[in-house]
Amino acid sequence: MTDLTLYRNIGIFAHVDAGKTTTTERILKLTGKIHKIGEVHEGESTMDFMEQEAERGITIQSAATTAFWKGHRFNIIDTPGHVDFTIEVYRSLKVLDGGVGVFCGSGGVEPQSETNWRYANESKVARVIYVNKLDRIGADYYRVVKQVEDVLGARPIVMALPIGIEDNFIGVVDLLTRKAWVWDNSGDPMKYEIQDVPADMEAQVEEWRAKLIETAVEQDDDLMMMYLEGEEPAIDDIKRCIRKGTIALDFFPTFPGSSFKNKGVQLVLDGVVDYLPNPTEVNPQPETDLEGNPTGEFAIVDPARPVRALVFKIMDDRFGALNFVRVYSGTLKKGDTLLNTFTGKTERVGRMVEMHANDRSEIETAQAGDIVALIGLKNVQTGHTLCDVNKPATLEPMVFPDPVISIAIAPKNKGAAEKMGMALNKMIQEDPSFRVETDQETGETILKGMGELHLDIKVDILKRTHGIEVEVGKPQVAYRESITARVEDSYTHKKQSGGSGQYGKIDYTIEPNEQGAGYAFESVVVGGSVPREFWPAIDKGFKESMGKGPLAGYPVVDVKVTLREGGFHAVDSSAIAFEIAAKGGYRQTMPKAGPQILEPIMKVDVFAPESHTGDVIGDLNRRRAMIKSQDTAPIGVRVKADVPLSEMFGYIGDLRTMTSGRGQFSMEFSHYAACPKNVSDQVIKEAAERKKAAEA
């Protein structure tokens, strides 16, 4: 059996352009996985293997690989930094035990870093921090360390200091050993010397080393007493304390470096081995029964226990669908039959492979702690649990956000409609934040996603990967409808046409529910005026009607329906009669309840040079923004604002024009809020025009 203490399941995550993929490339070079380093800016990195990734220089899918360092096995997932692909980071963090948070030495803690950090906190993932790009103009290691404290509310424990900065960055000082690692200018990560600390840094090294030890010994009362009495603990004892504090999320070991210049990455790898947990050291996943209720059992990381594996990603390639799974407990063998608890059907493991980006090597078995890809599964989606057929249990399912933007597409060649349907089906399985619907009135195919770039990439994949040219409509915002007033009403459905008729009478209240609470139904009927067996039908009638609002046909949210009273007929009443009564009641009452249009509001984070701040804020105000904060950093200003999504289309082009190409922004969904009347009127008018065009 493999020794699980030598496993590290880690993810590399950060803001777009902080150097995650470049860092992963360096790790693969140092661990002997690749011999030639591919550069992101040249579109040649190993981990960015999609055409769209190489072209845009960004990571879209999380790629998985296995590497070895000092006898330890690393399962590494390189995740995207762009906010439209946050779902990839979220899924990866769910199955990892540790992470490396990469921050840009000049950009510092950027918007997406905050989102990823929050996800990692929610998933309780231990992390080490790597401050990259210290060779860049404006880089400042100590400023980034301070930002980690102030912006993320995290506690960094500084493990090494940079020697020089910007063009003069030549190496790092390991505080524990008081040794300087100095690289030459050849760019070879292996060409370094271990020297004494430079004379001009000795005082600084001692100051930071004392801080490191003081923070570490807080984890052990005996060592703390020794230290307070003037005795310095052994390095192994200090490391043990740092490991304990890191796994408990009390602090985060922090390292400096420059991946592009091949300086400092070895210390980060040593930090992963020394301080991040192995699979047996993290809290085991709780198990639930098939209904989702906790059973009190846990998927303990042990190869001898029943199999529990979570599918966290599906990727389609030329060999068929690859299902990436994290094995939480038990041992998987090629040819095994497993139960998918979501579908209730069994799946046979045809082949098992270990991934290196998009290359693979076949394996016969995988055990608790492994991350592998399975080939040959039929009905599996992200978040499904695969388990022992005789001892079923479900792991915590993943929850994915609803899309906020949609576009209509149609194949240019009418004969390609069937091919497009199959391609979209594969894409939905790969990405749970991507949805496809058919508009019942117009017959159009509607793609829904998390942002403009997200849908842009999907259209690109249709074109390049599947060879389908499509015509794309302009982006549509996912509006919602709700109500503002409480209305008591009554509705009777009566139909007599020979034989038994239909009869259902309901007295009900429709009122606004709390924001974000969605639809709720309650019955307070006493005395049997509406028999209990008809309540679910009434609930179903109202619930189904909520799919179309009274103003513009958008889905209705945050409404509560209370059934107060009613009437029934011993012969003519049926579930269908009461369902029809509920639908009629909905149509009758909703227009009286003060309906309103809600629009998605986005959390927008803009970074711009200080000289352009006025232009940026003025432009945001024109877009109906609510400015939340404005922070000045050494290389520019960060403006945070809440802005309606409908005002943000094409923003990146406008921002670049305003800031001479130097502005950046990220946005993510925040909440729904009521539209102003002029916007609401326009939305209703456009919906009416679409309906009219469809009928014509």
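Q: Which residues of helix 5 are buried?
A: Heads-up: this is a predicted model, where local features need pLDDT of at least 70, side-chain atom pairs need pLDDT 80 or more, and totals for chains, interfaces and linings use all residues. Numbering starts from 1 along each chain as its sequence is written, and side-chain values use heavy atoms, leaving out hydrogens and water. Helices (H or I, at least four residues) and strands (E, at least two) are DSSP runs counted from the N terminus, while buried means under 20% relative accessible area, exposed over 50% and partly exposed in between, with a 1.4 Å probe and protein chains only. On that basis, the buried residues of helix 5 are Y141, R143, V144, V145, Q147, V148 and L152.

Q: How far does helix 5 reach from its first C-alpha to its last?
A: Helix 5 covers residues 141-152, so 12 residues, and the expected span is 1.5 Å times one less than the number of residues. That expectation comes to 16 Å, and the helix lands close to it, at 16 Å.

Q: Which residue has a side-chain oxygen that reaches the backbone nitrogen of Y142?
A: Look at the start of helix 5, where the two atoms come to within 3.1 Å. The other end runs into G153, whose phi is positive, near 65 degrees. Back at the start, the side-chain oxygen belongs to D140.

Q: What is the bridge partner of V172 in strand 9?
A: Strand 8 (residues 171-174) and strand 9 (residues 179-183) pair in the antiparallel sense over 4 bridges. In strand 9, V172 is partnered by W181.

Q: What is the relative accessible area of N379?
A: N379 sits in the loop between strand 22 (371-375) and strand 23 (385-388). Contact means heavy atoms within 4.5 Å, and, leaving aside residues up to four places away in sequence, N379 touches N340, T343, K345, E347 and H384. N379 counts as partly exposed, because its relative accessible area is 42%.

Q: How far apart are the C-alpha atoms of N379 and N340?
A: Along the chain, these two are 39 residues apart. Their C-alpha atoms are separated by 8.5 Å.

Terms used. A polar contact is a pair of N or O atoms within 3.5 Å; within protein, one must be able to donate a hydrogen and the other to accept it, and residues adjacent in sequence count only if both atoms are side-chain atoms. Two strands pair if DSSP finds at least two bridges between them.
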